[in-house]
Amino acid sequence: MNHLLTSPSLEDFIRLLKAWRFWMFGALVGAIIGAVVYYAAPPPFRAQATVNVDFNLEQAWPKETDRQQFYYLERESRKLEEIAWSDEVLGRLSSEFGIPLEELRRGKLQLSQPAEAGWHFYADDDDSQFAASLVTTWAEAFVAETEADVASGTINEFVRLEATQSESIAKERSIPLSSYLLAGSIGFLMLAIFALLFIKPNNK
């Protein structure tokens with residue numbers, strides 16, 4: 001192969017398969033590169049708080065069909081999700097922590113797939129304690145706002161919420177070291193394969 005447009009031959013692939021020492025070395029080098037990147041520019045911390053949401057289906061729809069219960073769960077879940085991202089809830093965080101609403105909604109805060117049972121609230125920040133305080137405040141503001149809406153009749157009266165994890169919450173890096181190691185290994189090996197198959201020095 002003398003240029004990039006030439007297809008690799010069977011001989012080239014056989015040569016690649018035989019070079020198992022090179023692949024082991026390349027994977028190790030790639031993992032080291034990934035680790036260096038991880039420690040040189042680490043991802044932000046991610047803190048998690050959990051709120052238990054109980055829709056009390058047995059009381060809300062005691063004699064209805066499964067289909068009606070499904071629509072009830074979907075409708076009430078959407079209502080609660082809107083509350084979690086509402087200006088009232090996020091405004092409390094914005095004023096307390098000095099973070100614009102746009103930044104909170106652009107990825108600093110995340111909410112797990114909402115359904116019945118545990119709703120997981122996440123906050124990312126370079127400071128682990130700040131992330132923990134932020135997500136705790138968000139979960140507590142969500143519970144307080146939802147309970148106020150239940151009292152006013154906006155949310156079904158049978159919905160019950162409880163912040164089950166708002167103290168001593170988990171704080172970990174948003175992307176684990178293992179992901180960097182894997183990405184480094186795969187990236188280095190892909191570049192090596194490209195170089196070996198498609199770039200060959202000119203023989204003089």
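Strand β2 (residues 109–111) pairs with β3 through three bridges, and the two run antiparallel. The model is predicted. Strand β3 also takes part in a second pairing, with β1.

**Strand pairing**
- Nine bridges link β1 (residues 45–54) to β3 (residues 117–125).
- These two strands run antiparallel.
- Ala47 has Ala123 as its bridge partner in β3.

**Leu111**
- Leu111 sits in strand β2.
- Leu111 has 18% relative accessibility, so it counts as buried; the cut-off for that class is under 20%.
- Beyond its neighbours within four places in sequence, Leu111 is in contact with Trp119, His120 and Phe121, among others.
- Its contacts also include Glu81, Ala84, Trp85 and Trp138.
- From C-alpha to C-alpha, Leu111 and Ala123 are 9.0 Å apart in space. In sequence they are 12 residues apart.

**Nonpolar core**
- The largest nonpolar core holds 33 residues.
- Val51, Leu80, Leu93, Leu109, Phe121, Trp138 and Phe142 have the most contacts inside this core.
- Helix α7 gives the largest share, 10 residues.

**Val51**
- Val51 is among the core residues with the most contacts inside the core.
- Leaving aside neighbours within four places in sequence, Val51 is in contact with Ala117, Gly118, Trp119 and Phe121, among others.
- Other contacts of Val51 include Ala139, Phe142 and Val143.
- Leu161, Glu162, Ala163 and Thr164 are also in contact with Val51.

**Packing of α5 on α7**
- Helix α5 (residues 87–97) packs on helix α7 (residues 128–152) at an angle of about 145 degrees.
- The two axes are 9 Å apart.
- The crossing of α5 past α7 is right-handed.
- On the α5 side, the contact is made by Glu88, Val89, Leu90, Arg92, Leu93, Glu96 and Phe97.
- On the α7 side, the residues are Phe130, Ser133, Leu134, Thr137, Trp138, Glu140, Ala141, Phe142 and Glu145.
- By class, this contact has nine nonpolar, two polar and five charged residues.
- Leu93, Trp138 and Phe142 take part in this helix contact, and they are also among the residues with the most contacts inside the core.

Notes: Residues are numbered from 1 along each chain as its sequence is written. This is a predicted model: local features need pLDDT of at least 70, side-chain atom pairs count only at pLDDT 80 or more; totals for chains, interfaces and linings use all residues. Side-chain values use heavy atoms; hydrogens and water are left out. Axes are lines fitted to C-alpha atoms, for helices over the stretch in contact, and angles run from 0 to 180 degrees between N-to-C directions. Helices (H or I, at least four residues) and strands (E, at least two) are DSSP runs, numbered from the N terminus. A crossing is left-handed if the near helix is turned anticlockwise from the far one by less than a right angle, and right-handed if clockwise. Contact means heavy atoms within 4.5 Å. Ala, Val, Leu, Ile, Met, Phe, Trp, Tyr, Cys and Pro count as nonpolar, Asp, Glu, Lys and Arg as charged, and the others, Gly among them, as polar. Two strands pair if DSSP finds at least two bridges between them. A nonpolar core is a set of buried Ala, Val, Leu, Ile, Met, Phe, Trp, Tyr and Cys residues joined through side-chain atoms within 4.5 Å. Buried means under 20% relative accessible area, exposed over 50%, partly exposed in between (1.4 Å probe, protein chains only).
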